[in-house]
Amino acid sequence: MEEPRRGRSLRGQMTFIILLCWLVPMLLAAGALGGYLAFGLGRQSQRAAAEQFQLNLRMGADRVESAVEASRLPSYDPELREAWNQYRQEGNYALLYRRCSALFTRLYQSDSRFRYAVFYFSDDPEDRAITVVNGSSGASERQVRERWRGDLPAVAERAAGLDTAVGFLDRDGQVYLVRNLLDSGYQTIGVLALALNQPYYFEDLSLLSWASAVSVELGPDTVLAVKGEPEAGEGVLEVSVSKRDFLLRGRAAVDYQALLAGFGAYRYVLGAMALSLLLLLLFTFRFFRRRISQPIRALMAGAADIQKGQWGRRIDCRTGSREFEYLTASFNRMSAQLQSQFDCLYQEELARRDAQIKALQSHINPHFLNNTLETINWQARISGDVNVSKMIEALSTVLDAALDRKGRPEVRLSEEMTYVNAYLYIISQRFGRRLTVDIDLPDELMDCMVPRLILQPVIENAVEHGIGPGGTGRVALRGYLQGGFLILEIENNGGLSPEDEAHIARLLSPDHDMAAEPSGNIGIANVNQRLRILYGRSCGLSIFRGEGDLVTARLTVALPREG
């Protein structure tokens with residue numbers, strides 16, 4: 001038998017397919033998602049933070065710009081110039097002070113953008129200063145005057161180079177907006193210093209959750225720490241907003257841990273995906289092992305056992321899969337059918353050999369040979385050689401059928417009838433006119449296949465029981481088709497006694513043991529068992545009583561199915 005080609009196992013191929021077509025794409029997808037979260041979301045978050053920082057800084061710049069516009073209000077108000085002109089004409093400083101103090105109080109005392117405002121006349125900065133304190137700032141006028149004495153030199157220095165522009169000055173965390181107020185001749189009347197209420201302008205910047213430190217720059221020497229102090233190694237965002245009178249720069253130290261805090265859950269999502277992927281992979285391998293690999297191994301083991309000759313090998317593999325349950329049931333049915341077929345072939349071979357031996361014993365026993373030779377001798381003495389030749393030819397035919405040199409289990413009915421006719425010719429020479437044989441077999445039956453030597457033992461039994469010592473008898477052979485079966489009936493008029501019926505029932509019993517029977521009684525039992533082995537339980541030999549003394553032996557042979 002040709003050895004099967006050895007290829008890769010199904011388990012290895014399935015494992016490779018799972019790894020290549022499922023696990024690898026999932027890992028790539030998880031890696032891409034992780035990379036996107038690590039880099040893409042980081043850049044996206046940083047861009048969003050920069051846009052938010054830019055927006056908040058622009059809001060602060062707009063508020064600073066509004067403070068700059070507020071610093072111009074005294075220049076637009078005629079009260080200051082009129083008071084100043086009157087002072088120059090009359091020299092009444094008290095009146096000037098009252099009028100200017102009323103003006104600055106009206107403009108800045110209730111303005112939440114400023115903590116306090118100080119205006120001093122340029123001809124006497126130290127003694128001629130008007131101070132307006134915003135009541136909501138929490139500072140007293142005395143505290144403001146004390147602080148102002150220390151800040152005045154720096155403010156005066158800053159104002160000296162401004163001309164008509166505005167400037168900013170940081171004094172220990174207090175930012176002043178400094179502007180020169182001029183008369184109609186562009187001569188300096190005095191200097192206005194507005195103390196900015198810093199939270200009002202940059203409170204939105206201090207609320208940036210992702211920024212560990214924020215600072216703003218209103219000028220080269222004016223840098224305000226809005227929130228915290230920058231730490232080494234942190235990323236820094238720098239944005240700027242340009243206005244007509246100033247340039248506002250902002251710097252923010254980015255706390256990436258806080259910036260990506262909203263995306264921290266994605267790490268758990270990735271972890272859950274990886275864990276789910278691992279569990280799913282383990283479940284897939286377990287499912288494949290229990291539902292596919294183990295049943296296949298069981299089928300392969302069963303097939304190997306059958307190849308070794310263990311016919312009827314059964315496998316018990318419960319997988320919960322209809323496909324493998326069907327394959328398992330089909331394998332078991334195939335194995336059982338194979339065992340049954342081998343048993344049938346073995347029994348048929350035994351029956352065929354036994355039939356040959358018993359046929360030889362039946363036909364070539366000394367008594368039969370003596371009778372035949374005596375008849376031949378008698379015919380030779382009283383007649384010519386023709387009958388002797390016919391007897392010898394018939395005997396040769398019977399002997400050839402019994403020996404079965406070609407080993408064919410089935411022959412055409414026409415060939416089987418040559419054996420029957422040879423036997424009848426020989427037996428007719430023995431009984432002469434005492435035996436009448438009628439044969440009614442239509443020509444269309446002659447091509448039907450029947451087991452070899454299936455009719456002769458039954459006809460011999462009919463002859464032996466149909467003709468008593470010194471009596472006469474009639475034997476009839478007829479055949480017909482019924483459904484999918486060929487029916488052959490041998491009828492004799494020898495009658496049946498109750499003892500004969502009991503003996504026939506025992507011989508035709510399915511579990512009858514022919515080994516225990518005398519050689520002269522096994523003919524019809526052998527025929528019955530051979531028919532049942534070859535064609536199934538629906539076929540076989542039956543012998544029953546008919547009308548009067550008629551006895552019918554019926555053989556049922558299954559015809560091959562068409563298609």
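Student: In what sense do strand β14 and strand β16 pair, and over how many bridges?

Tutor: In this predicted model, β14 (residues 485-492) and β16 (residues 551-558) run in the antiparallel sense, with eight bridges between them. Leucine 486 stands opposite valine 557 of β16.

Student: What makes β11 and β15 the edges of the sheet?

Tutor: The open sheet has five strands in the order β11-β13-β14-β16-β15, with mixed pairing. β11 (435-440) and β15 (540-545) each have a single partner strand, so one side of each lacks a neighbour in the sheet. From one strand to the next, the twist averages 15°.

Student: Which helices lie across strands of this sheet?

Tutor: Helix α13 (residues 456-466) lies across β11, β13, β14, β15 and β16, at about 20° to β14. Helix α15 (residues 523-535) lies across β15 and β16, and runs at about 135° to β15.

Student: Why is phenylalanine 202 called buried?

Tutor: Its relative accessible area is 3%. The term applies under 20%, and therefore phenylalanine 202, at 3%, is buried. This residue is located in helix α6 (residues 198-206).

Student: What is phenylalanine 202 in contact with, leaving aside its neighbours within four places in sequence?

Tutor: The contacts are Gly60, Val64, Val216, Leu224, Val226 and Leu248. For valine 64, 138 residues away along the chain, the C-alpha separation from phenylalanine 202 is 9.3 Å.

Conventions:
Residues are numbered from 1 along each chain as its sequence is written. This is a predicted model: local features need pLDDT of at least 70, side-chain atom pairs count only at pLDDT 80 or more; totals for chains, interfaces and linings use all residues. Side-chain values use heavy atoms; hydrogens and water are left out. Two strands pair if DSSP finds at least two bridges between them. Helices (H or I, at least four residues) and strands (E, at least two) are DSSP runs, numbered from the N terminus. Axes are lines fitted to C-alpha atoms, for helices over the stretch in contact, and angles run from 0 to 180 degrees between N-to-C directions. Contact means heavy atoms within 4.5 Å. Buried means under 20% relative accessible area, exposed over 50%, partly exposed in between (1.4 Å probe, protein chains only).
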